[in-house]
Amino acid sequence: MIEISSSLEGKQYPLYDLELELKQLGYTIGGNWDYDHGYFDYLMDDDDGYHFLRIPFRAVDGQLDAHNATVKLGRPFILTHKYKEGLDDHAAIGNFQASFNQFSEPAEKDADVLEPYVQLGETLIQELERRLN
């Protein structure tokens, strides 16, 4: 994981408006959110694993599932997940369970981030700063 300093850190936005703005740039709300915090993810590449620019946010007014929630942005970071080739060694057998458990667990959940992804992440943050400031 590599953190990237940003002028966006600590700024507050209505979540609904922020999500609309970031979706236009290719960001999605990651599946790992809760009622008080979450992440916007930008998939930079899926070659030899997944390389994400991730922007954390925390609710400061309301809960994330409410239409009027306000969030505060955290420090962006780049995250790389590398996966083993093939199917999961511990995948369950049977049609029903296999449909959910067929993919490999990450070989490295926090793999080293290569320099080209650091440069791309910094460029993406600069673009985001121009758009949101």
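## Leu128 and its surroundings

Leaving aside neighbours within four places in sequence, Leu128 is in contact with Leu8, Leu22, Leu25, Tyr27 and Ile55, where contact means heavy atoms within 4.5 Å. This is a predicted model, in which local features need pLDDT of at least 70 and side-chain atom pairs count only at pLDDT 80 or more, while totals for chains, interfaces and linings use all residues. Residues are numbered from 1 along each chain as its sequence is written, and side-chain values use heavy atoms, with hydrogens and water left out.

Buried means under 20% relative accessible area, exposed over 50%, and partly exposed in between, with a 1.4 Å probe and protein chains only.

Helices (H or I, at least four residues) and strands (E, at least two) are DSSP runs, numbered from the N terminus.

## Helix H3

H3 has 18 residues and reaches 26 Å from its first C-alpha to its last, close to the 26 Å expected at 1.5 Å a residue; that expected span is 1.5 Å times one less than the number of residues. Which residues of H3 are buried? They are Tyr117, Val118, Gly121, Leu124, Ile125, Leu128, Glu129 and Leu132. Seen down the axis, these buried residues fall within an arc of 140°, so they line one face of H3. The arc is that of the directions from the helix axis to the C-beta atoms. On the other side of H3, Pro116 and Arg130 are exposed.

## Helix H1

Now for H1, where Leu15, Leu18 and Leu22 are buried. They cover an arc of only 65° around the axis, which puts them on the same side of H1. The buried residues of H1 pack against E2, strand E3 (28–29), E4, E5, E6 and H3. Just after H1, Gly26 takes a positive phi of about 100°.

## Strand pairing around E6

Strand E2 (residues 12–14) and E6 pair in the antiparallel sense over three bridges, with Val71 in E6 as the bridge partner of Tyr13. Two strands pair if DSSP finds at least two bridges between them. E5 and E6 are also antiparallel, pairing over four bridges, and Phe57 stands opposite Leu73 in E6.
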